Amino acid sequence: MSSEKVQVYYWPFLGRGAAALLMLTEAGVDFEHISDFPHLAQKCAAFGAQTTTFAPPIVVDGDTVVSQSLAVAQYIGKKHFPMPDDNDTLGFQVMLNLVDFGGGLEKATATPQSLKTFFDGDGQKPARFHLWAATLERTIKGPFFFGEKPTYVDFLWAGHYGFMHQTVFASLSERTGVDYFEKYPKLTGVYDAITSLESFQKLGLPFAGPNFVKKPDDVIFAEFPDKRAASAE
């Protein structure tokens with residue numbers, strides 16, 4: 001028997017489930033966030049369940065079951081925060097760009113050298129960080145990605161930026177004194193607009209679990225100058 005409430009299976013933070021959780025809260029949908037591991041394990045093949053849904057986030061809406069963060073975002077978004085003219089092909093393209101940006105950062109944190117190259121380049125090719133950020137900045141019409149109203153793409157970006165900021169950007173900026181998004185005000189503007197919503201405050205969840213957060217002294221930042229002592233003088 002299916003539940004009358006929409007159910008979102010995801011960890012007790014926003015992470016890859018941010019778009020789903022934020023949109024449902026903003027739309028005023030009565031939903032249940034299920035975050036304990038025993039229940040997640042019953043739905044996720046990654047944890048041994050004999051299902052077709054591999055890992056969280058998973059959304060159960062009546063008899064409909066959807067997994068994978070982009071599919072989940074688009075499924076909920078089409079109901080509550082659709083694309084202009086229902087142009088889901090464009091929406092999916094931009095979501096893939098967002099995911100590739102975040103994936104590039106995640107891959108870069110493998111070593112201090114690769115992270116430095118991601119942000120500053122290798123002296124021969126432009127930095128991947130700036131290539132991605134500039135591409136996404138040009139995509140935004142303003143104030144949201146596709147104009148005056150937010151779509152599921154905006155909620156997905158808020159989740160990705162929030163996770164990246166909480167886990168890497170905040171500590172790296174604290175260490176170096178550099179605002180890496182200074183040249184990309186539209187990107188931070190979308191994030192600020194989504195996180196200024198009352199629904200975000202109501203949800204009250206961090207973007208990342210504490211085990212994901214890098215500290216300014218983390219070895220992964222070893223190739224970046226530490227300017228904290230100088231700024232304190």
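I looked up the pairing of strand E1 (residues 6–9) with strand E3 (residues 58–61) and found it antiparallel, over three bridges. Here two strands pair if DSSP finds at least two bridges between them; helices (H or I, at least four residues) and strands (E, at least two) are DSSP runs, numbered from the N terminus. The model is predicted, so I noted the terms: local features need pLDDT of at least 70, side-chain atom pairs count only at pLDDT 80 or more, and totals for chains, interfaces and linings use all residues. Residues are numbered from 1 along each chain as its sequence is written, and side-chain values use heavy atoms, with hydrogens and water left out.

I then checked which residue of E3 glutamine 7 stands opposite, and it is valine 60. In E2, glutamine 7 stands opposite glutamate 32. E1 and E2 (residues 31–34) pair in the parallel sense, over four bridges.

I followed the chain from E1 through helix H1 (residues 18–26) to E2 and recorded a right-handed β-α-β unit. Right-handed means that, with the strands pointing away from the viewer, the path from the first strand over the helix to the second runs clockwise.

Next I asked whether the faces of E1 are covered or open; both are covered. Val6 and Val8 on one side are buried, as are Gln7 and Tyr9 on the other. Buried means under 20% relative accessible area, exposed over 50%, and partly exposed in between (1.4 Å probe, protein chains only). In a regular strand the side chains alternate between the two faces of the sheet.

I turned to the pockets. A pocket is an open set of points on a 1 Å grid over the protein atoms alone, where a 1.4 Å probe fits, with protein on both sides within 12 Å along at least five of seven lines; lining residues have an atom within 4 Å of a point.

The largest pocket holds about 570 Å³ of space. I listed 24 lining residues, with Arg16, Gly102, Glu106, Phe163 and Phe212 nearest its centre. H7 (152–176) gives the most to this lining, seven residues. By class, the lining has 13 nonpolar, eight polar and three charged residues.

The second largest pocket holds about 180 Å³. Its lining residues include Gly104, Ser114, Asp122, Lys125 and Trp132.

Definitions and conventions. Grid points are joined across faces, edges and corners, and a volume is the space filled by probe spheres set on the points. Ala, Val, Leu, Ile, Met, Phe, Trp, Tyr, Cys and Pro count as nonpolar, Asp, Glu, Lys and Arg as charged, and the others, Gly among them, as polar.
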